Amino acid sequence: MARQLWLLRHAEAEPHGTRADHERRLTERGEQQARAAGVALRRLGMRFEEILYSPKERARRTAELAAESFTPAQGKRVREHELLASGFEAAQALELLAGTRSDGRILLVGHEPDLSRVVSEITGARIDLKKGGLAAVRLERGAGGELILVMRPRELGAIAGVPAGGE
């Protein structure tokens with residue numbers, strides 16, 4: 001088996017300038033996107049050893065709403081990770097993943113351009129992770145990373161059976 005790194009961009013948030021960046025909240029559509037992501041992850045059978053989110057309000061709330069669909073044990077694994085706030089790098093993601101089982105998975109909830117850059121640095125793939133979008137990377141021991149999934153909010157919504165809005 002291989003380790004997997006799952007990356008969820010925070011859902012749609014209030015526009016820049018509405019309030020301090022750190023405090024920007026999800027819109028109603030963003031809340032729907034976050035819940036749909038959680039339902040989709042559950043329906044895909046995903047279980048995570050860790051679920052880490054940026055301390056910014058919009059990422060925290062995205063993680064909390066998504067986790068509503070997780071098992072209670074999974075819900076206890078949701079916690080803040082300061083480094084996801086800004087400037088998060090592939091080396092930091094790989095370090096987090098190294099602490100998991102050989103088939104472990106972690107979910108990171110954060111921001112652009114950091115998440116797409118992490119995917120690019122690990123896999124060489126160029127992606128544009130939409131607000132409320134999801135990407136996954138598989139890492140084999142001794143080999144590079146492989147991009148295994150990129151989904152927009154509407155695709156997550158289709159899996160969840162609910163409208164998620166957005167691209």
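**Exercise 1. The pocket**

Work out how the residues lining the largest pocket divide into nonpolar, polar and charged.

*Solution.* Start by sorting the lining by type: you get 3 nonpolar, 4 polar and 8 charged residues. Keep in mind that you're looking at a predicted model. Next, check the space itself: the largest pocket holds about 160 Å³. Last, look towards the middle. Of the 15 lining residues, those closest to the centre are His10, His16, Arg58, His111 and Glu112.

**Exercise 2. A lysine in a loop**

Find Lys56 and decide: is Lys56 buried or exposed?

*Solution.* 
- Step 1: Lys56 sits in the loop between strand 2 and helix 2 (57-67).
- Step 2: check its accessibility. Its relative accessible area is 13%. Buried means under 20%, so Lys56 counts as buried.
- Step 3: list who it touches. Skipping residues up to four places away in sequence, Lys56 touches Asp21, His22, Ala85 and His111.
- Step 4: pick out polar contacts. The Lys56 side chain reaches the backbone oxygen of Ala85 at 3.3 Å, and there's a polar contact of 3.0 Å between the side chains of Asp21 and Lys56.

**Exercise 3. The partner, Asp21**

Now go to the other end of that last contact. Which residues does Asp21 contact, leaving aside neighbours within four places in sequence?

*Solution.* 
- Step 1: locate it. Asp21 belongs to the loop between strand 1 and helix 1 (28-43).
- Step 2: With 32% relative accessibility, Asp21 is partly exposed.
- Step 3: read off the contacts, with those close neighbours set aside. They are His16, Lys56 and Arg58.
- Step 4: look along the chain too. The side chains of Asp21 and Arg24 are joined by a polar contact of 3.0 Å.

**Exercise 4. Helix 5 and what follows**

Identify the buried residues of helix 5.

*Solution.* Begin with the list: Asp114, Leu115, Ser116, Val118, Val119 and Ile122. Then see what they pack against: strand 1, helix 4, strand 4, strand 5 and strand 6 (145-151). Finally, step just past helix 5, where Gly124 has a positive phi of about 85°.

Notes: Residues are numbered from 1 along each chain as its sequence is written. This is a predicted model: local features need pLDDT of at least 70, side-chain atom pairs count only at pLDDT 80 or more; totals for chains, interfaces and linings use all residues. Side-chain values use heavy atoms; hydrogens and water are left out. Helices (H or I, at least four residues) and strands (E, at least two) are DSSP runs, numbered from the N terminus. Buried means under 20% relative accessible area, exposed over 50%, partly exposed in between (1.4 Å probe, protein chains only). A polar contact is a pair of N or O atoms within 3.5 Å; within protein, one must be able to donate a hydrogen and the other to accept it, and residues adjacent in sequence count only if both atoms are side-chain atoms. Contact means heavy atoms within 4.5 Å. On a 1 Å grid over the protein atoms alone, a cavity is a set of points where a 1.4 Å probe fits but cannot get out, and a pocket is an open set with protein on both sides within 12 Å along at least five of seven lines; lining residues have an atom within 4 Å of a point. Grid points are joined across faces, edges and corners, and a volume is the space filled by probe spheres set on the points. Ala, Val, Leu, Ile, Met, Phe, Trp, Tyr, Cys and Pro count as nonpolar, Asp, Glu, Lys and Arg as charged, and the others, Gly among them, as polar.
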